[in-house]
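This report describes one protein structure for a reader who is new to the subject. Please examine the sequence and the structure before reading on.

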Amino acid sequence: MAEVAINGVRKNYGDLEVIHGIDVSIEDGEFVVLVGPSGCGKSTLLRMIAGLEAITGGTIAIGDRVVNSVPPKDRDIAMVFQSYALYPHMTVEKNMAFSLRLKGVDPSVVAERVGTASEILGLQPYLKRYPRQLSGGQRQRVAMGRALVRDPQVFLFDEPLSNLDAKLRVQMRTEIKELHQRLKTTTVFVTHDQVEAMTMADRIVVMNDGNVEQIGSPLELYDAPQNTFVATFIGSPSMNLMEGAIRTGEEPAVEAGEMRLPLPKEAASLGEGRKVVYGIRPEHIELSDRGIEATVGVIEPTGSETMVFFRSAGHQIVSLFRERHDFRPGDTVHVRPRTDLVHVFDSETGRRLAFG
């Protein structure tokens, strides 16, 4: 196991810079997820850690060794890709053992490591099968087993669950998390799925356009997003955002067109008339007789929760209810954000504003 230190890392393709001086410190034994939309640079950063992409500037260290010029095979890392990349003519056992045999590792050691890995991953009944005889989840376990037998300092996962169906993805992310809890090996996991990031990570690195927007634990990012990008990217459904201006007084509010959105009294310190973006998560909107008048639009029941899209004064508001309500499209209701859970962002920079 080892720390991974990413300091001022940049990546250029000709004149185009796609990674803009990133700094990330990953602790020994930590499970860190790189998350962001397609094209944000997360997979490129992972490939630079692995040595599959050259670094334009900055340094990457694994343990106490800077690995900028170290070939991938000598970095003591193991990578699991979105594609299983299994050898179709080899059995599960031979696929898992291939890299060790290529290095000339003693056959008894190879057998011991393959046996241990197959036991951890539940692959013992399939060791004599070929990849074509396995399900998608079983093939992904084999790909993980091939990485596991190498006993690396760092595991790198590049969207390994993207090819699986929804139920299997849930199962596999639990298995990967359990594997990490058992082995305590430093792990860097790339995904575009914020639910995967929230459920698996010790810490999340949110990326956008080659920059790091915020680093923190899943609940830190959810409860205190640093800007509007993180606020809308982390959480499903996304946080409601509405532009308006601060109105101070006995009951401070944000005036967004014809709608007055309540604020805690401390928010008056932000100043009368200041242009802001008002944020509230869907589950923090409640029905209230004294609330904002809204018209029910689309209703999406999921069983445990019901997502309702309201329209009010030209704005769309999404709310999430765990209780059962007999909503019908076109109904008029009154809703009120919980003022103790409101977020306020600067309208120009998008940065979260502190008050109180």
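Helices (H or I, at least four residues) and strands (E, at least two) are DSSP runs, numbered from the N terminus. The model described here is predicted.

## Two domains

The domain assignment divides the protein into domain 1, residues 4-232, and domain 2, residues 238-353. The C-alpha centres of the two domains are 38 Å apart.

## The interface between the domains

The size of an interface is often given as the accessible area lost when the parts come together. For domain 1 and domain 2 the buried area is about 970 Å², and carbon and sulfur atoms account for 51% of it. On the side of domain 1, the residues that lose the most area to domain 2 are Y222, T228 and T232, which together make up 47% of what that side buries. In terms of contacts, 10 residues of domain 1 meet 11 residues of domain 2.

What kinds of polar interaction link domain 1 and domain 2? Seven residue pairs are in polar contact across the interface, both residues of each pair being at pLDDT 80 or more, whereas the count of salt bridges is zero. Which elements of domain 1 give two or more residues to the side that touches domain 2? They are helix 7 (218-223) and helix 8 (228-233). By residue class, this side of domain 1 consists of five nonpolar residues, four polar residues and one charged residue.

## An open antiparallel sheet

Strands of a sheet pair through backbone hydrogen bonds, either parallel or antiparallel. In this model, four strands form an open sheet in the order 2-1-4-5, and their pairing is antiparallel. Strand 2 (16-26) and strand 5 (65-66) are the edge strands, each of which pairs on one side only.

Strand 1, residues 4-13, is joined to strand 2 by seven bridges in the antiparallel sense. At one point of this pairing, V9 has I22 of strand 2 as its bridge partner.

## Two local backbone features

Where does P237 lie? P237 belongs to the loop between helix 8 and strand 11 (240-247). The peptide bond that joins S236 and P237 is cis, with omega at about 0°.

The phi angle of A85 is near 55°, a positive value in a residue other than glycine.

Key
Residues are numbered from 1 along each chain as its sequence is written. This is a predicted model: local features need pLDDT of at least 70, side-chain atom pairs count only at pLDDT 80 or more; totals for chains, interfaces and linings use all residues. Side-chain values use heavy atoms; hydrogens and water are left out. Domain bounds come from an automatic or database domain assignment. Contact means heavy atoms within 4.5 Å. Buried area is the accessible area (1.4 Å probe) that two parts lose on being put together, summed over both. A salt bridge is a side-chain nitrogen of Lys or Arg within 4 Å of a carboxyl oxygen of Asp or Glu. A polar contact is a pair of N or O atoms within 3.5 Å; within protein, one must be able to donate a hydrogen and the other to accept it, and residues adjacent in sequence count only if both atoms are side-chain atoms. Ala, Val, Leu, Ile, Met, Phe, Trp, Tyr, Cys and Pro count as nonpolar, Asp, Glu, Lys and Arg as charged, and the others, Gly among them, as polar. Two strands pair if DSSP finds at least two bridges between them.
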